[in-house]
Amino acid sequence: MSNRKIRVLVAKPGLDGHDRGAKVIARALRDAGMEVIYTGLRQTPEMIAAAALQEDVDAVGVSILSGAHNTLCPRIVQLLREKGMDNCLVLVGGIVPQEDLPKLKEQGIAEVFLPGTSTEDIVKFLQANVKPRD
Amino acid sequence: MPELKESSSPAEIEQERWEQQTLKPALEKHPERKKAFKTVSLDDVERLYTPADVADLDFARDISFPGEFPYTRGIHPTGYRGKLWTMRQFAGFSTPEETNARFKYLMRQGQTGLSVAYDLPTLMGYDADSPLSEGEVGKCGVAVSSLADMEVLFDGIPLEQVTVSQTINAPASVLLAMYLVVAEKQGARWDKISGTLQNDILKEYIAQKEWIYPIKPAMKLVIDTFGFCTEHVPRYNPISVSGYHIREAGATAAQELAFTLRDGIEYVAWGVEAGLDVDRFVPRMSFFFNAHNDFFEEIAKYRAARRIWAREMKNRFGSNYERTLQLRFHTQTAGVSLTVQQPLNNIVRVAIQALAGVLGGTQSLHTDAYDEALALPTDRAALIALRTQQIIAEETGVVNTIDPLGGSYYLESLTEKMEQEALEYFRKIDAMGGMVAAIEKGFPQREIQDSAYHYQKAVERGDQVIVGVNKYTMTDEPSEVPILVIDESVRTHQLERLEQTRTRRDTGAVANALEKLRLAAQKNENTMPATIDAVRVYATLEEICSALREIYGIYEEPAF
């Protein structure tokens with residue numbers, strides 16, 4: 001087991017500015033001992049993937065409440081894979097209708113956390129699913 | 001024998017006796033359910049409130065009568081016996097045609113005012129065909145890129161008779177210009193139309209985060225609308241100073257109150273600095289508060305808001321004009337309190353929150369639809385939300401007497417506490433040099449983030465209960481509710497109209513109008529006349545905002 005801390009990029013894609021969730025998650029992950037980078041607002045999928053590569057993160061947490069998830073989230077996964085980040089998990093948190101969940105998972109989203117999720121559950125998910133590396 | 005301070009009042013002595021004789025034996029037999037009882041803002045609530053808690057209040061000075069200074073009990077001498085609040089449901093989705101149809105539907109159902117929700121590209125000053133708009137057109141509100149969309153949005157809605165509220169901030173002056181030109185085309189006189197522009201840019205930097213320009217030029221645009229409306233659209237409210245989004249971002253009730261009113265003071269100060277007369281523009285400033293779960297805390301907040309505003313307008317700006325001193329506000333139930341889990345429970349939450357708004361004396365009210373934690377509301381969900389207000393107004397009897405909870409030891413004590421907490425924040429912000437300076441330092445933003453985090457932790461510990469989320473949860477929930485889906489065909493539809501508009505308009509006139517706007521911005525003139533002229537020749541929202549971006553630049557957020 002490696003001693004490397006889990007590194008997470010918390011990202012806000014699209015035009016929406018509601019960043020309460022993103023910031024609460026960022027702080028909760030930091031308190032759980034992870035290294036967290038927050039992208040700031042209004043990032044394109046390209047900017048998010050570039051930041052993920054540059055920061056060499058284990059996971060990208062995408063906060064999205066605007067309804068644009070079907071357009072933006074699969075694009076982020078695709079760009080990460082193109083950059084060779086095959087093990088980088090993409091998690092989504094926000095307002096996502098139930099019927100969109102299977103399709104997002106098929107397109108490579110590791111998990112979607114809906115409103116009401118405990119930050120502890122997200123921490124546990126990351127600890128269980130991030131692949132250890134040297 | 002219990003020790004009594006020499007200064008103890010008869011009320012305190014009596015309370016001490018009750019605690020010893022009656023309470024203590026009861027607690028020994030049956031301890032209370034938990035050690036501390038807290039509001040949703042995580043403030044302690046005492047076991048009991050008595051005359052001792054309101055001993056420092058003076059009825060004439062602090063509570064008084066409705067319609068009289070300091071307006072704690074309301075601004076109207078007849079409360080809701082004269083006129084009910086305006087039932088104003090916020091609506092907007094998809095194309096202007098679809099939203100126009102929803103408006104007409106809501107009005108047929110007895111809604112008394114309109115409120116427009118714009119989509120994210122519109123809120124950010126981008127047209128539907130901008131690459132940045134991809135995936136967002138018509139999703140969170142209605143898509144408006146030019147006057148052509150606005151004409152469809154208000155087709156068949158007489159703007160001289162219906163009051164319309166527009167939730168738009170960074171590009172607010174442009175949407176106001178579009179609204180005025182549509183009204184003019186309908187034959188409505190600007191001095192007859194009424195309505196409200198949200199236009200509260202400070203809370204964007206603090207909480208909602210939909211900004212375009214740096215703070216100071218953005219403030220200048222707001223003051224331009226104040227000056228213009230005072231002269232030409234005197235019955236229009238050019239701002240709705242909003243605590244709603246501050247609260248949704250995680251603020252406590254006291255922070256919502258403090259930051260909103262301090263924002264209001266900042267706008268007044270900037271208006272005065274620009275040479276406007278306080279008693280001409282402040283009477284047209286309106287406010288917008290959240291109605292969250294903690295019933296009494298919310299009612300106290302509204303009552304404290306009126307009292308603080310009246311006192312501040314008098315003390316800071318020397319006004320004695322009653323319409324300057326009277327704080328008028330809109331209320332919306334707390335979207336953030338609605339749950340995805342067991343969503344029909346949201347109907348109950350909304351009803352109780354709305355009741356707090358009414359008991360706090362709101363001038364207008366939006367009740368959230370129960371499906372708003374899932375998507376934009378369906379027709380059915382929007383109708384139940386409106387009916388909730390009608391039931392409160394027509395069936396509960398709470399409208400029959402003014403400020404029915406006034407005089408409650410708890411409520412009066414809480415109102416006073418809220419006022420003191422807000423004044424403490426005012427002192428801090430004043431010491432920083434005002435709200436613009438405080439925002440540049442990241443002060444209100446940090447305070448709100450801290451509160452949001454503490455609240456989340458309290459929920460996760462189970463100290464704050466959310467029914468269906470951390471207590472009374474169900475693994476197999478009953479049937480799902482139908483939700484409204486906005487697909488990408490909206491974008492195609494909007495792109496077609498935008499293309500037609502660009503083809504049909506006089507391109508030379510557009511270029512000229514945009515150049516005049518740049519000049520007005522450069523010379524620090526009022527930008528409203530040039531904005532209206534640009535809108536009239538069908539310059540698009542993005543073209544107008546880009547012209548201003550060239551002059552003003554864009555805002556960069558302080559690092560997190």
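A residue is termed buried if 20 or more other C-beta atoms lie within 10 Å of its own, exposed if 12 or fewer, and partly exposed in between, with C-beta atoms placed from the backbone. By this criterion, 51% of the 134 residues of chain A are buried. The model is predicted: local features need pLDDT of at least 70, side-chain atom pairs count only at pLDDT 80 or more, and totals for chains, interfaces and linings use all residues. Residues are numbered from 1 along each chain as its sequence is written, while chains are lettered from A and ligands numbered from 1 in the order in which they are written.

The C-alpha trace of chain A spans about 40 × 30 × 25 Å along its principal axes. Contacts require C-beta atoms, placed from the backbone, within 7 Å. Of the contacts in chain A with a separation of 6 or more, 73% join residues 24 or more positions apart.

Chain A contains 5 helices and 5 strands. Helices (H or I, at least four residues) and strands (E, at least two) are DSSP runs, numbered from the N terminus. Their sequence order is β-α-β-α-β-α-β-α-β-α. The 5 strands build an open, parallel sheet in chain A, ordered β2-β1-β3-β4-β5. Pairing requires at least two DSSP bridges between two strands. In chain A, β2 (35-38) and β5 (111-113) are the edge strands; each has a single partner, so one side of each lacks a neighbour in the sheet. The twist averages 20° from one strand to the next.

Strands β3 (residues 59-64) and β4 (residues 89-94) of chain A run parallel and are joined by 6 bridges. Here A:Ile64 stands opposite A:Gly94 in β4(A). Helix α1 (residues 20-31) of chain A packs on the sheet and touches β1 (7-11), β2, β3 and β4 of chain A, at about 160° to β2(A). Helix α3 (residues 69-82) of chain A lies across β3 and β4 of chain A, at about 165° to β3(A). Axes are lines fitted to C-alpha atoms, for helices over the stretch in contact; angles run from 0 to 180 degrees between N-to-C directions.

At the interface, 31 residues of chain B are in contact with 26 residues of chain A. On the chain B side, α5 (120-123) and α19 (443-461) each supply at least two residues. The largest share, 5 residues, comes from α19(B).

Key
Two residues are in contact if their C-beta atoms, placed from the backbone, lie within 7 Å.
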